[in-house]
Amino acid sequence: MTPSILHWDCPTGIAGDMLLAALADLGVPEAVLNQPLRQLGLADQCRIVTQPGSNGGLRGIKAHVDVLTPQEDHRHWRQLRQLLLSAPLEDPVRRAALRCFGLLAEAEARVHGCPVDGVHFHEVGALDAVADVLGVCAGLCHLGGATVSCSPLPTGHGAVTTAHGLLPIPAPAVLELASAHHVPLLGCEGWPPGELVTPTGLALAITWSRRFGAAPALTPRQVGIGLGQRRLDRPNQLRLLLAEPLPGSGYPAAPLEPFQEWVVLMSCQIDDMDGEALATLQQLVLEAGALDAWLQPIHMKKQRPGHLVQVLARPEQRQALRQVLWSHSSTLGLREQWHHRWILPRRQEQRQTPLGPVRIKWATLPDGSRRGKAEHGDLAALAHHHKLPLQEVRRQVQPFLEP
């Protein structure tokens, strides 16, 4: 089946409410956009509302966030992160929202010269921005696994009033995001003054888009039009094009970007467990859902040999893994560090070989080429079944690792 493309065409910039509106015009139900707010326990405090409208004489959908109760207009990143981690969100929505707000926190930390965990969001931490990010992530997950691309963005010019006073456009956080992630920005000579790209909108584009540039050769299937709130000298709209690439177009023509996600590194030092117990501990944390776990020999205080136990986990796995480490090791404490990890786009498929089925993990490299690796467990099982050396099984499976 030909993979779907979701191209974001942003002739007048990008903002969270415009993305919400365009998703609604593509048919994403309002209930889906609001579901994360219910899961966070915020449904009685705010809600996303969409309705038909027009801008510059063209139709589309408008979206806004109704804030139903008085709220503080800022949150610390660590407070917002904990809220996202503790809520019963769908994992893909949680991961995307964590990455989006993580990008914003990193940009704000560079702007203000402070540690990332010390960042407190102002406009970005307000309820309407939280609703924008969660609603967009939920809507895109609802649409499925289309490859997202985004057009270059016109930033606007002039100044904007913020909690830090009057700031130039592009806003400092927008420039930091664009610089760190190589996002092309367009000039706006001859445009009326005003902000066209918000930090939240740009962070969402970086979170989801695999390339920035003109739309590839494609066959549109459906168009969703989200309208901006401001009146410009031209229609203020963002268009989502759900499409199929033309046969033989070689899409994606531009390099695919590896993407980031938040992970937690859990660690402790142990000097009073034997090798068998440590091996069992490693196996238990892997069975409990750890991404990886390893042991490193170290020399501890009082001149005793010991081991550094390290466990890599997704944020939502921390509680279960803590219980395993408390119950099955002698440690009296755990350390947790937040890390971004870069990941190549990947997928898994099963291929039939002369020896039997083998699962193959495919990774897409930044130049668009693919690299395949057969699952070792499948190779070992075939070697055992056919009574063949493992290297012979690998030799016979090798031709099936070609893209």
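The model shown in every view is predicted.

**Figure 1. The lining of the largest cavity.** The structure holds one cavity of 30 Å³ or more, and the largest cavity has a volume of about 30 Å³. Its lining consists of Arg95, Leu98, Glu261, Trp262, Pro315 and Glu316. Two elements, α4 and β15 (259–270), each give two or more residues to this lining. By residue class, the lining divides into three nonpolar residues, no polar ones and three charged ones.

Figure 2. A disulfide is a covalent bond between the sulfur atoms of two cysteines. The structure holds zero disulfides. For a pair of cysteine sulfur atoms to count as a disulfide, they must lie within 2.5 Å. The cysteine sulfur closest to that of cysteine 46 belongs to cysteine 137, and because these two sulfurs are 15 Å apart, they are too far for a bond. Cysteine 46 counts as buried because its relative accessibility is 1%. Cysteine 100 is likewise buried, with a relative accessible area of 0%.

**Figure 3. The hairpin of strands β2 and β3.** Strand β2 covers residues 46–55 and strand β3 covers residues 58–67; the two run antiparallel and are joined by ten bridges. In one of these pairings, glycine 53 has glycine 60 of β3 as its bridge partner. The two strands form a hairpin with two residues between them. In the turn, glycine 56 has a positive phi of about 65°.

**Figure 4. Histidine 112 in helix α4.** Helix α4 spans residues 91–112, and histidine 112 is found in this helix. Is histidine 112 buried or partly exposed? Histidine 112 counts as partly exposed because its relative accessibility is 40%, a value that falls between the limits of under 20% for buried and over 50% for exposed. The view also includes proline 172. Histidine 112 and proline 172 are 60 residues apart in sequence, and their C-alpha atoms are 9.6 Å apart in space. Helix α4 is also one of the elements that give two or more residues to the lining of the largest cavity, the subject of Figure 1.

Methods: Residues are numbered from 1 along each chain as its sequence is written. This is a predicted model: local features need pLDDT of at least 70, side-chain atom pairs count only at pLDDT 80 or more; totals for chains, interfaces and linings use all residues. Side-chain values use heavy atoms; hydrogens and water are left out. Buried means under 20% relative accessible area, exposed over 50%, partly exposed in between (1.4 Å probe, protein chains only). Two strands pair if DSSP finds at least two bridges between them. Helices (H or I, at least four residues) and strands (E, at least two) are DSSP runs, numbered from the N terminus. On a 1 Å grid over the protein atoms alone, a cavity is a set of points where a 1.4 Å probe fits but cannot get out, and a pocket is an open set with protein on both sides within 12 Å along at least five of seven lines; lining residues have an atom within 4 Å of a point. Grid points are joined across faces, edges and corners, and a volume is the space filled by probe spheres set on the points. Ala, Val, Leu, Ile, Met, Phe, Trp, Tyr, Cys and Pro count as nonpolar, Asp, Glu, Lys and Arg as charged, and the others, Gly among them, as polar.
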